[in-house]
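Work through the exercises below with the model open. Each task is followed by its solution.

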Amino acid sequence: MEPWPAGPPMEPGSSCPAAAPVERQFRILVGVTGSVAALKLPLLVSKLLDIPGLLSRDDTRLWAVLGQRVEVAVVSTERAKHFYSSQDIPVTLYSDADEWEMWKRRSDPVLHIELRRWADLMLVAPLDANTLGKVASGICDNLLTCVLRAWDRSKPLLFCLAMNTAMWEHPLTAQQRDQLRVFGYTEIPCVAKTLVCGDQGMGAMAEVDTIVDRVREVMSQHRGCPKS
Ligand SMILES: Cc1cc2nc3c(=O)[nH]c(=O)nc-3n(C[C@H](O)[C@H](O)[C@H](O)COP(=O)(O)O)c2cc1C
């Protein structure tokens, strides 16, 4: 993996780096878990890549839409890999092996920490029942859940649940969704339809266009100081 670009120095007493105008693309980290809705990952990534998003520190709005596209990377669970082909994902894709292959000695980067630093926004789509339970209770036993456990909660995190209706209706789901909202994360609600398993009811992941529109909305509210 290429080293992450270093940020400009901070001026004493300021919360945002001053200095020469600095521009870089807004960075979206997509987490994907082992729901059948992960079939939509290629479409989701391609639509996210169409979002304009150049960050400009010289602008009072802090980031401005100047025609350049956002930057996207994906963190996948092992189960999620079953539902898409890496050849269909035109961005860097990380999974558990990368975390452990990257770290050999003290000076090496710890991938889950580098990724949480790198991202301006995280989108977990789909978020399955298993990883929902892990995130709600603090379990971090793979790359994705480590990024989520280490997440900088001053940055937006959006999640899109996707599960069978029976799982959705289990009382644990409501408890765990509430817990994620308490953490300050934004839910993009799932929808009712005939699921891939044939059941009809709540639990299907929101439509890709709905997800991308919500990401745009959250980006447009973003006034934070982008970290390099
Ligand atoms: C074909 C198939 C489809 C699945 N779809 C879902 C789903 O939509 N939602 C869900 O919560 N679990 C679903 N599962 C179960 C998860 O894959 C399983 O809980 C897995 O352990 C999740 O691992 P992960 O959270 O590490 O990705 C599905 C399993 C299979 C075999």
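**Exercise 1.** Find how strand E2 and strand E7 pair, and over how many bridges.

Step 1. Locate strand E2 at residues 27–32 and strand E7 at residues 121–127. Strands here are DSSP runs of E with at least two residues, helices are runs of H or I with at least four, and both are numbered from the N terminus.
Step 2. The two strands pair in the parallel sense over four bridges; pairing requires at least two DSSP bridges.
Step 3. Leu29 has Met122 of E7 as its bridge partner.

This is a predicted model: local features need pLDDT of at least 70, side-chain atom pairs count only at pLDDT 80 or more, and totals for chains, interfaces and linings use all residues. Residues are numbered from 1 along each chain as its sequence is written.

**Exercise 2.** Which strands stand at the edges of the open sheet?

Step 1. Write the order of the six strands: E6-E5-E2-E7-E8-E9, with parallel pairing.
Step 2. E6 (92–94) and E9 each have a single partner strand, so one side of each lacks a neighbour in the sheet.

**Exercise 3.** Sort residues of helix H7 (171–182) into buried and exposed.

Step 1. Buried (20 or more other C-beta atoms within 10 Å of the residue's own, placed from the backbone): Thr173, Gln176, Arg177 and Leu180.
Step 2. These cover an arc of only 105° around the axis, so they share one side of H7. The arc is taken over directions from the helix axis to the C-beta atoms.
Step 3. Exposed (12 or fewer such atoms): Pro171, Ala174, Gln175, Asp178 and Val182, on the other side.
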